Amino acid sequence: MEQYRKGKKSKMKKVVLAFFIMLSILSVGVVNASNDNVLKESTAGQIIEIKEKQLNELKDYTESYGSETYGFTAYLLNKVRIYSIPLCFIGIAVGAIWQYVIGIRKLDVHDRGLFLIVGFVTVFVICQVLPLVFAIVVKGFRN
């Protein structure tokens, strides 16, 4: 009889929890619908600010390198350098999990993890060094 009561209490807890989850989801939807116009205006202003900031940064690169082509290339290489950091660290972490956690029991996964780590470290080094090499070559050896 006691097990029946415990089972009934756990079912009741699940029902109450599901009710509160649904209530919170619906309340978020109502709040989101009421703030939709404010959000659109705010987002549009932020997008314009980001666009102007990026155009100014591109203009600075163009002035620094003396050519629109070289400035745009340096701008792109800088963006690749910045965004490669988190992506490569995630790839290295996945490779380490495959090698050291999953690879304990499966040898082929162990090797795949090692190849992932080596590949992402190689891509990371290339993405970090390439803008420096470009700057040295363009500014140092150009007429």
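Helix α4 bends by about 30° at V129, and the proline P131 follows within four residues; the bend is the angle between axes fitted to the seven residues ending at a position and the seven starting there. The model is predicted, so that local features need pLDDT of at least 70 and side-chain atom pairs count only at pLDDT 80 or more, whereas totals for chains, interfaces and linings use all residues. Residues are numbered from 1 along each chain as its sequence is written, and side-chain values use heavy atoms, with hydrogens and water left out.

Helix α4 comprises 35 residues, 107-141, and spans 49 Å from its first C-alpha to its last, close to the 51 Å expected at 1.5 Å a residue. Its buried residues are V109, G113, I117, C127, P131, F134 and V138, where buried means under 20% relative accessible area, exposed over 50%, and partly exposed in between, with a 1.4 Å probe and protein chains only.

F134 and V138 also belong to the largest nonpolar core, together with Y61, Y65, A74, Y75 and L77. Such a core is a set of buried Ala, Val, Leu, Ile, Met, Phe, Trp, Tyr and Cys residues joined through side-chain atoms within 4.5 Å. Helices α2 (36-65), α3 and α4 each give two or more residues to this core, and α3 provides the largest share, three residues.

Beyond its neighbours within four places in sequence, Y61 is in contact (heavy atoms within 4.5 Å) with G71, A74, Y75 and N78. N78 lies in helix α3, residues 68-100, and is buried, with a relative accessible area of 10%. I97, also in α3, is partly exposed at 44%.

How values were computed:
Expected span 1.5 Å × (residues − 1).
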